[in-house]
Amino acid sequence: MRSREFLCLILGCGSALVRACGGHGHGHEVREWTKEELDDLEKKWGQEWGFTGISTFAHLEHHKCLTTPSELYDIAIIGAPFDTAVSYRPGARFGPRAIRAASARQTSFRGYNPRAAINPYASWARILDCGDIPVVPVDNAVALPQMTAAFSELGGREAASPEVASRPRLLTLGGDHSLSLPALRAARAVHGPRLRVLHFDAHLDTWHPARYPSYWSSEQSRFTHGSMFWLAGQEGLLSNDSGAPNVHAGLRTRLSGTEDWADDDAQNWVRIAADDMDEEGSGGARGIAAAIVAALGTEDPVYLSVDIDVLDPAFAPGTGTPEPGGWTTRELIRVLRGVEGLNVVGADVVEVAPAYQGLGEETALAAAQVVFELLSSMVKRGLADMGKTGVRVQGGEEAAAGRDEL
């Protein structure tokens, strides 16, 4: 056997040797493809069904944005697979993957949101799936500054459409709820002291760390998914103007006592209970949305955080701290649609722990729908802001809506 054939046999004619074994030398010409040919290939093979393709959120274009700063975006979907600050059931580190998989039926060619009258995937905004922050899973003292640095890097870049907003919006897939602290650090650096928070949750998450009593406490044990808004307040990340409060919605948890409410009051929060949905004269979802908008206004920048446990466990069992008596998925969507006029500059959807959900993926499906609603609101707000400044973006929403009639 000749030596070259023997070498190919030993190495399995690997990709590095294919050209040599096949007789292709350095003089082989590389074909130049025309734009028309490439467009034809895209028409033939570029379409993806809901069940095909690599799992990105809503089949969006994917880049590892942390390592590709040349890729500009208006809205970034970013995963934060972190769950080592939980107080009960872990597993939310698998949330970003589950939410992406559950978004598979969302596509740009059939992404028109009839509730919002917009297709967020075919309008002015460049929306990318920016992959995950590679959060260290074994040391929270490292993970917290790591997430802070990642959010600051992504949120501080130039937007793809600077005529609409100079900085992009980040929408984070969690992960446990503690990630809101590093996300707020980054958002506050960009948007300043008027930053407000709208927090959908069964729990307050403004608990003083001492509410978790333990002889074995430490500086790092203060950082949990139930104390991150208290920590944010201590760091000056939230509005402390009594005329510009932050808002909880969907609350129904057990408390240490009424002193928990007093602590929450001192941190400048307004509380809306889950039961308010059914109170006579409350106006239901529409009334709750109106109360939120009245408290936050439509001009101040808002960070919107959705803990999936705001939903009743019948609709979202796959979460770390389930609380019976919550809202239905439809009720939450109705509230989110009712607050679409808010100036949402960043958001997260957290605490999806797929190990505890059913085979039908109801929790991840609900989370993916919430992300879709938040994207719809962000893009729709951008269109409204363009109208205020007289900016027109080529293509526009009319073109997007026309494509969605297919």
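1. Of the 406 residues in the protein chain, 49% are buried, where buried means under 20% relative accessible area, exposed means over 50%, and partly exposed lies in between (1.4 Å probe, protein chains only). The model is predicted, so local features need pLDDT of at least 70 and side-chain atom pairs count only at pLDDT 80 or more, while totals for chains, interfaces and linings use all residues. Residues are numbered from 1 along each chain as its sequence is written, and side-chain values use heavy atoms, with hydrogens and water left out.

2. The protein chain contains 12 helices and 8 strands. These elements are DSSP runs numbered from the N terminus: helices are H or I with at least four residues, and strands are E with at least two. Among contacts in the chain with a separation of 6 or more, 77% link residues 24 or more positions apart; a contact means heavy atoms within 4.5 Å.

3. The largest nonpolar core has 59 residues. Such a core is a set of buried Ala, Val, Leu, Ile, Met, Phe, Trp, Tyr and Cys residues joined through side-chain atoms within 4.5 Å. The residues with the most contacts inside this core are Phe-57, Leu-171, Leu-198, Phe-200, Ile-292 and Trp-327. Helix α11 (residues 362-389) gives the largest share of the core, 12 residues. A second, separate core of 38 residues includes Ala-143, Val-197, Leu-237 and Leu-238.

4. Leaving aside residues up to four places away in sequence, Phe-200 touches several residues, including Ala-249, Ile-292, Leu-304, Trp-327 and Leu-336.

5. Strand β3 (residues 169-174) has 6 of its 6 residues buried. In a regular strand the side chains alternate between the two faces of the sheet. On one side of β3, Arg-169, Leu-171 and Leu-173 are buried, and on the other, Leu-170, Thr-172 and Gly-174 are buried.

6. Strand β3 has parallel partners. Strand β1 (residues 75-80) is joined to β3 by 6 bridges, and strand β8 (residues 343-350) pairs with β3 over 4 bridges; two strands pair if DSSP finds at least two bridges between them. Leu-170 of β3 stands opposite Ala-76 and also opposite Gly-346 in β8.

7. The protein chain exposes about 19,600 Å², of which carbon and sulfur atoms supply 55%. Accessible areas come from the Shrake-Rupley method with a 1.4 Å probe, and for residues only the protein chains shown count as cover.

8. Trp-33 lies in the loop between α2 (18-21) and α3 (35-45). Trp-33 is partly exposed, with a relative accessible area of 43%.
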